[in-house]
Amino acid sequence: MAASSRDGISQYFKKGAEVEISSDEEGFRGSWYAGTVVRPPGNLKRGSAKVLVEYKTLTEDEKGTRPLREELQLVQLRPPPPREKRRSFKFSEEVDAYYSDGWWEGIITEVVGEDKYLVFFRGTREQIAFKASELRLHREWVYGKWVPPLEPAQDVTPEIEKLPPSAEVEADKEMNEHNFSPGEVVEVSSDEEGFEGAWFIATVVKKIKAGKYLVEYQSLRNDDDTNFLREEVDNSHIRPCPPDVGLVDRFEVLEEVDALYNEGWWRGVISKVLKNDRYSVYFKNTEEELKFKHSDLRVHQDWVNGKWVIASKAQDL
């Protein structure tokens with residue numbers, strides 16, 4: 001690693017620096033928590049890149065008297081996003097919602113009045129109502145820059161964003177439950193480690209009970225490779241196949257796509273446009289960047305409350 005790169009990293013994680021912390025633990029993926037650097041990274045040349053941090057909202061004891069401290073890898077940390085002017089949000093915008101003492105990535109699925117929004121969380125398939133003060137525009141910290149970039153007209157300060165007070169949020173009780181029929185071709189997701197964010201094509205064999213189905217995958221085999229894998233799945237892990245959105249001549253940098261890889265469709269972001277109809281795609285869950293042909297990509301869509309939504313585009317299919 002070049003000296004300038006090491007210096008660039010160290011400037012954000014000095015002792016006492018404000019940071020946001022991510023977690024790889026099940027149930028916490030996609031969330032960021034405010035913290036402070038207690039001990040900065042060691043000698044990066046020797047691989048001593050772990051940082052000791054102290055959380056601002058999480059504690060070690062039930063009484064909440066001792067802030068939680070953890071030793072974490074640099075990839076789990078980032079500077080806090082710069083504070084922006086309070087703004088309104090639009091349908092299909094990607095946001096972070098302040099929930100359970102942390103910021104969770106979601107997508108606006110409905111504008112409810114002047115100051116209230118329904119937010120859908122891909123990881124849990126939940127839809128919850130939030131006030132505008134509990135939301136911020138979702139940004140990624142990529143190679144030392146915020147993506148999407150901050151708008152030039154915004155009045156931005158480098159100070160840490162003030163955390164909204166913990167508040168009870170309202171879960172949407174009117175999520176539509178789609179009924180699938182035997183023989184219907186569907187897509188199925190998994191919560192297993194290493195498979196988050198992927199959808200696999202399957203056929204519904206039968207409905208077991210309300211909200212639960214037996215499916216047979218079209219490309220995944222069972223352990224002894226004698227037949228296609230069959231599995232019971234619930235309504236939160238099954239959806240219809242996405243509709244055709246028309247011919248896409250070219251994908252743009254930062255556009256969300258699904259990439260056909262290892263027998264499934266994996267959610268990623270276009271990081272580079274290459275020659276000969278090829279693209280580099282960045283996968284947030286695995287922090288990998290892989291190359292794909294145009295024909296192996298499709299526009300990313302989310303199945304939310306019985307409707308297809310394209311993130312960051314005000315379009316409801």
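## Terms and basis of the model

The structure is a predicted model, in which local features need pLDDT of at least 70 and side-chain atom pairs count only at pLDDT 80 or more, while totals for chains, interfaces and linings use all residues. Residues are numbered from 1 along each chain as its sequence is written, and side-chain values use heavy atoms, with hydrogens and water left out.

## Overall make-up

The protein contains one helix and 27 strands, these being DSSP runs numbered from the N terminus, with helices (H or I) of at least four residues and strands (E) of at least two. Of its 317 residues, 38% are buried, where buried means under 20% relative accessible area, exposed means over 50%, and partly exposed lies in between (1.4 Å probe, protein chains only).

The accessible surface of the protein comes to about 18,200 Å², and carbon and sulfur atoms hold 48% of that area; such areas come from the Shrake-Rupley method with a 1.4 Å probe, and for residues only the protein chains shown count as cover. Among contacts (heavy atoms within 4.5 Å) with a separation of 6 or more, residues 24 or more positions apart account for 49%.

## Salt bridges between strands

Side chains of opposite charge can pair when their charged atoms come close. A salt bridge is counted when a side-chain nitrogen of Lys or Arg lies within 4 Å of a carboxyl oxygen of Asp or Glu, and by this rule the protein has 21 salt bridges. In one of them, the side chains of Glu71 and Arg39 meet with N and O 2.4 Å apart. Because Glu71 lies in strand β4 (residues 67-72) and Arg39 in strand β2 (residues 31-39), this pair ties together parts that are 32 residues apart in sequence. Glu71 is partly exposed at 44% relative accessible area, and Arg39 is also partly exposed, at 38%.

Another salt bridge joins the side chains of Glu60 and Arg66, with an N to O distance of 3.6 Å. Here Glu60 is partly exposed at 43% relative accessibility, and Arg66 is partly exposed at 46%.

Glu105 forms a salt bridge with Arg267, and their closest N and O atoms are 3.0 Å apart. This pair links distant parts of the chain, since Glu105 sits in strand β8 (residues 102-111) and Arg267 in strand β22 (residues 264-273), 162 residues apart. Glu105 is buried, with a relative accessible area of 14%, whereas Arg267 is partly exposed at 28%. Through salt bridges that share partners, Glu94, Glu105, Arg122, Glu256, Arg267 and Asp302 are joined into one network.

## Two further residues

Glu110 is found in strand β8 and is partly exposed, with a relative accessible area of 40%. Leaving aside residues up to four places away in sequence, Glu110 touches Phe91, Lys116, Tyr117 and Leu118. The C-alpha atoms of Glu110 and Ala129 are separated by 9.1 Å, and these residues are 19 apart along the chain.

At 3% relative accessibility, Gln301 counts as buried.
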